[in-house]
Amino acid sequence: MSKLIKRRKLYEQIAELIQEEIAHGLLKVGEQLPSERDIMAKYGVGRAAVREALFALAKMGLIAISSGERARVIEPSPAVVVRELSGAARLFLNTETGIRQFQEARLVFEAALARRAAEIATAEDLAAIRAALDANLAAHELKRFAETDVAFHSAIAKVGGNPIFPAISDAVTEWLYAQRHGTARVPRAAQLAREWHEKIYEAIAAHDVAAADAAMRGHIEQVNGFYWQLRDAESRQQAREATRLGRLVPHGA
Ligand SMILES: [Zn+2]
């Protein structure tokens with residue numbers, strides 16, 4: 001029965017020990033890690049385990065490995081932190097409840113970011129949001145529309161310079177996009193989104209906090225609504241298909 005409990009691999013233990021050294025400041029941002037040989041000697045393990053441990057730490061965004069040089073401790077970026085949550089988020093989005101909760105969280109979060117942008121956006125911020133909007137207005141192909149949509153929301157999240165906001169905004173939008181790949185198939189969905197984007201931009205540019213909040217809410221609520229409309233349509237389609245196939249299968253003799 002103990003076979004069911006997977007033993008922690010050697011490299012995972014090494015990675016954890018190095019991670020602790022970083023957390024406790026024994027290895028500081030910018031510093032080089034000891035050489036592979038030294039790490040092997042320190043922990044009494046082989047080269048393969050050390051390499052795997054370093055690779056795992058690099059994937060976690062804690063160290064950078066460049067060929068010919070020793071690994072170096074780097075500043076963890078919010079984008080990497082959020083990306084690390086990706087697997088769990090996608091599992092969560094497998095359920096209808098999970099999707100509804102993510103949609104609600106996005107609504108509250110994006111509306112707050114729009115309000116904040118209306119309060120503090122500088123001329124430079126407004127130019128960046130305007131450029132993102134123009135790219136979105138010009139995007140007619142589906143994939144391009146999705147990319148420029150994420151970028152528009154990201155430009156609003158970047159106002160104020162806190163990197164955690166765009167990291168979360170990008171990730172949540174992308175996770176939901178993975179779920180609502182079909183939303184843009186709702187007739188006029190992309191066009192309506194573009195119109196909301198213009199309203200959002202204009203409210204932020206006018207520093208009208210209430211209008212920015214209302215426009216962002218209107219936009220996200222509509223996107224969420226389209227998602228469920230499309231999902232209903234798809235399940236009705238599937239039901240029809242099942243009935244049609246059911247008729248084709250001969251029952252009895
Ligand atoms: Zn949008």
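This is a predicted model: local features need pLDDT of at least 70, side-chain atom pairs count only at pLDDT 80 or more; totals for chains, interfaces and linings use all residues.
User: Thanks! Why is H6 called oblique to H8?

Analyst: Helices are DSSP runs of H or I with at least four residues, numbered from the N terminus. The axes of H6 (residues 96-120) and H8 (residues 142-158) cross at roughly 55 degrees and come within 8 Å. Axes are lines fitted to C-alpha atoms, for helices over the stretch in contact, with angles from 0 to 180 degrees between N-to-C directions. Angles under 35 degrees count as roughly parallel, over 145 as roughly antiparallel, 65 to 115 as roughly perpendicular and the rest as oblique. H6 is therefore oblique to H8.

User: What is the hand of the crossing of H6 and H8?

Analyst: The crossing of H6 and H8 is left-handed. That term applies if the near helix is turned anticlockwise from the far one by less than a right angle, and right-handed applies if clockwise.

User: Which residues meet where H6 and H8 touch?

Analyst: From H6 come Glu 110, Leu 113, Ala 114 and Ala 117, and from H8 come His 153, Ile 156 and Ala 157. By class, the contact of H6 with H8 has 5 nonpolar, 1 polar and 1 charged residues. Two residues are in contact if their C-beta atoms, placed from the backbone, lie within 7 Å. For the classes, Ala, Val, Leu, Ile, Met, Phe, Trp, Tyr, Cys and Pro count as nonpolar, Asp, Glu, Lys and Arg as charged, and the others, Gly among them, as polar.

User: What makes H6 and H10 oblique to each other?

Analyst: The axes of H6 and H10 (residues 189-205) cross at roughly 40 degrees and come within 7 Å. H6 and H10 are therefore oblique to each other. Their contact brings Ala 114, Ala 117 and Ala 118 of H6 to Ile 200, Ala 203 and Ile 204 of H10. The residues of this contact divide into 6 nonpolar, no polar and no charged.

User: Why is H7 called roughly antiparallel to H10?

Analyst: The axes of H7 and H10 cross at roughly 165 degrees and come within 10 Å. That angle makes H7 roughly antiparallel to H10. H7 passes H10 in a left-handed crossing. Among the residues that meet are Leu 126, Ile 129 and Leu 133 in H7, and Tyr 201 and Ile 204 in H10. The contact of H7 with H10 has 7 nonpolar, 2 polar and 3 charged residues.

User: How many residues does the largest nonpolar core have, and which have the most contacts inside it?

Analyst: The largest nonpolar core has 37 residues, and Ala 114, Ala 117, Ile 156, Ile 200, Ile 204 and Ala 212 have the most contacts inside it. A nonpolar core is a set of buried Ala, Val, Leu, Ile, Met, Phe, Trp, Tyr and Cys residues joined through C-beta atoms within 7 Å. H6, H7 (123-137), H8, H9 (164-179), H10 and H11 (209-248) are the elements that give two or more residues to this core. The largest share, 8 residues, comes from H8. Ile 156 touches Leu 113, Ala 114, Ala 117, Ile 129 and Ile 204, not counting residues up to four places away in sequence. Apart from this core lies another of 14 residues, among them Tyr 11, Ile 18, Leu 33 and Val 50.

User: How do you know whether Ala 212 is buried or exposed?

Analyst: A residue is buried if 20 or more other C-beta atoms lie within 10 Å of its own, exposed if 12 or fewer, and partly exposed in between, with C-beta atoms placed from the backbone. Ala 212 has 28 other C-beta atoms within 10 Å, so Ala 212 is buried. Ala 212 is in helix H11. Ala 212 and Ala 118 are 94 residues apart in sequence, yet 6.6 Å apart in space, C-alpha to C-alpha.

User: Why is His 207 called partly exposed?

Analyst: His 207 has 14 other C-beta atoms within 10 Å, so His 207 is partly exposed. His 207 lies in the loop between H10 and H11. Phi of His 207 is near 55 degrees, a positive value in a residue other than glycine.

User: What makes Asp 38 and Asn 94 exposed?

Analyst: Asp 38 has 12 other C-beta atoms within 10 Å, so Asp 38 is exposed. Asn 94 has 9 other C-beta atoms within 10 Å and is therefore exposed. Asp 38 is in helix H2 (residues 36-43), while Asn 94 is found in the loop between H5 (86-92) and H6.

Conventions
Residues are numbered from 1 along each chain as its sequence is written.
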